[in-house]
Amino acid sequence: MTAAARRVRAVRLGPRSVAALCLVSAIGVVAFGWPLLAGSGSGLAHSQDAPWLFAALLPLLLAVVVATVADAGLDAKAIAMLGVLAAAGAALRPLGAGTAGIEPMFFLMVLSGRVLGPGFGFVLGSVAMFASALLTGGVGPWMPFQMLSMGWVAMGAGLLPGPDRLRGRRELALLAGYGAVASVGYGLVMNLQGWPYIGGLASGVSFVPGDPLAANLARYLAYCLATSLGWDLPRAVVTVVLTSTLGGTVLKALRRATRRAAFEAPVAFADPAGPPGRPPEPARP
């Protein structure tokens, strides 16, 4: 593989960063899935404080992951690109927030994660969702869950196969397919965050603490079909359309910016006076 074809990443994940990402992802799975994972005899299944506990815990874990990844090699150029892309993602979300699932933010997060790698993608998704929540007024106990879910979406794009070889229509088809799955998956995962709050309601889609897994899973799927599928499918369609039409241009722009930023180039300082024993050249008029 030539140096020009080699993929340049804004963040190179070391063992410590990978361990932090795996840890927060594992805790995130528990935070989302505790209603289905908790046994009928456990105190967690009958606790009304569990959603609030995870909502308080996740911001601390996300802060630890961001700090760990940054400490592993997020330099000034990468931070500048992170700020630009996070601001762009935050600005895109209000364009369709709350309108039939039209969220162009997903398109940018998927393409950015693809070009800049999983570590940068996770940080970008989390930061962009945090900034968009401040813009839209969507600050609440659900925000840490949204940050984690969007971090997973962008990180997953960075883990897709063929980052150095796959180009053109095949790459766009791969990203469009992943964007569709991730858009629907985001809605399904976020439903787990809000579903336990309706546990006190007597309905066929409510969470019943302590019920068997199969019964609660059936109620959860019915809840998703009744509440969020009308938003998840349009989100997937918008992501596919934007990726298919604008994806090639955006990918080229991101890769060009990444090459020019030269994230992995070593820093060398030249002596303005020239080699030892040689007088400096006089200034030209």
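Buried here means under 20% relative accessible area, exposed over 50%, and partly exposed anything in between (1.4 Å probe, protein chains only). The model is a predicted one, so to speak for local features a pLDDT of at least 70 is needed, side-chain atom pairs count only at pLDDT 80 or more, and totals for chains, interfaces and linings use all residues. Residues are numbered from 1 along each chain as its sequence is written, and side-chain values use heavy atoms, with hydrogens and water left out.

Pro104 sits in the loop between helix 3 (76-92) and helix 4 (105-116); helices are DSSP runs of H or I, at least four residues, numbered from the N terminus. Its C-alpha atom is 6.0 Å from that of Leu92, twelve residues apart along the chain.

Ser126, in helix 5 (residues 118-136), is buried too, with a relative accessible area of 1%. Its side chain gets to the backbone oxygen of Met147 at 3.3 Å.

Over on the surface, Val29, Val30 and Leu37 make up a nonpolar patch with about 260 Å² of accessible area together (Shrake-Rupley method, 1.4 Å probe, only the protein chains shown counting as cover). Patch residues have over 30% relative accessible area and no salt bridge, with like charges joined within 9 Å and nonpolar side chains within 5 Å; a salt bridge puts a side-chain nitrogen of Lys or Arg within 4 Å of a carboxyl oxygen of Asp or Glu. Leu37, part of helix 1 (residues 15-37), counts as exposed because its relative accessibility is 57%.

Technical notes. Helices (H or I, at least four residues) and strands (E, at least two) are DSSP runs, numbered from the N terminus. A polar contact is a pair of N or O atoms within 3.5 Å; within protein, one must be able to donate a hydrogen and the other to accept it, and residues adjacent in sequence count only if both atoms are side-chain atoms.
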